[in-house]
Amino acid sequence: MKILSILAALTLATPVVAHDLGFAGLLSNTNKEDLEPLTLSVGQPIADAPLMLKSGTAYEIEIEADGTGELALEGAGFFRAIWINEIVINGIEIRPLGVDSIEFDEAGTVEIEFIAIKPGRYELRQPGSTGDGQRVEIVIQ
């Protein structure tokens with residue numbers, strides 16, 4: 001009986017560690033990946049291939065617009081399947097509660113740091129477009 005009590009006390013005193021990600025948790029550098037940039041340009045595809053993401057992993061992606069037109073990306077389903085840590089525009093960090101779309105009136109770059117959360121198939125697309133080149137499929141596994 002004493003041995004069982006000692007084992008129970010040791011079990012309760014030992015912390016349970018699922019991942020060794022350090023103090024930054026899911027945002028740790030060991031859990032972060034940079035994605036290929038997305039490009040917004042009139043008549044050009046946004047991406048060469050679908051984005052394959054893993055739930056629980058932190059990602060950083062750049063979206064670049066070349067200024068050939070007023071272009072946007074919308075994807076409410078995708079933006080609700082991720083947790084956005086920050087959006088950086090011209091060195092200004094924005095920590096939003098939610099995003100529905102991003103629009104460029106001129107050339108520029110936006111960086112989005114996020115954690116993929118909800119598995120599924122999503123897309124980002126140029127509003128009002130129908131071509132496959134004006135969308136990028138995103139799969140969260």
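The accessible surface of the protein, computed from a predicted model, comes to about 9000 Å². Carbon and sulfur atoms account for 55% of this surface. Of the 141 residues in the protein, 34% are buried.

The secondary structure consists of two helices and eleven strands. Along the sequence these elements follow the pattern α-β-β-β-β-β-α-β-β-β-β-β-β.

Strand E11 (residues 135-140) takes part in two of the strand pairings described here. With E3 (51-53), strand E11 pairs in the parallel sense, over three bridges. Within this arrangement, Met52 stands opposite Val139 of E11. With strand E10 (residues 120-125), E11 pairs in the antiparallel sense, and six bridges are found between the two strands. Gly120 stands opposite Ile140 of E11.

Empty space in the model was examined next. Rolling a probe the size of a water molecule over the atoms shows where such space is left. The structure holds one cavity of 30 Å³ or more, and the volume of the largest cavity is about 80 Å³. Its lining comprises 13 residues, of which Ile61, Phe78, Phe114, Leu124 and Ile138 are the closest to the cavity centre. Two or more lining residues come from each of strand E3 (51-53), strand E4 (58-65), helix H2 (76-79) and strand E9. By class, the lining of the largest cavity has 13 nonpolar residues, with no polar and no charged residues.

The largest pocket has a volume of about 180 Å³. Strand E8 (101-104) and strand E9 (108-116) are the elements that give two or more residues to its lining. The lining of this pocket includes Ile89 and Asn90, together with Ile102, Glu103, Phe104, Asp105, Glu106, Ala107, Gly108, Thr109 and Val110. By class, these divide into five nonpolar, three polar and three charged residues.

Methods: Residues numbered from 1 in each chain as written. Predicted model: local features only at pLDDT ≥ 70, side-chain atom pairs only at ≥ 80, totals over all residues. Heavy atoms only, no water. Helix = DSSP H or I, 4+ residues; strand = E, 2+ residues; numbered from the N terminus. Buried < 20%, exposed > 50% of the residue type's maximum accessible area, 1.4 Å probe, protein only. Areas by Shrake-Rupley, 256 points an atom, 1.4 Å probe, with all protein chains shown as cover. 1 Å grid on protein atoms, 1.4 Å probe; cavity = no way out; pocket = protein on both sides within 12 Å on 5 of 7 lines; lining within 4 Å. Points joined across faces, edges and corners; volume = space filled by probe spheres on them. Nonpolar A, V, L, I, M, F, W, Y, C, P; charged D, E, K, R; others polar. Pairing = 2+ DSSP bridges.
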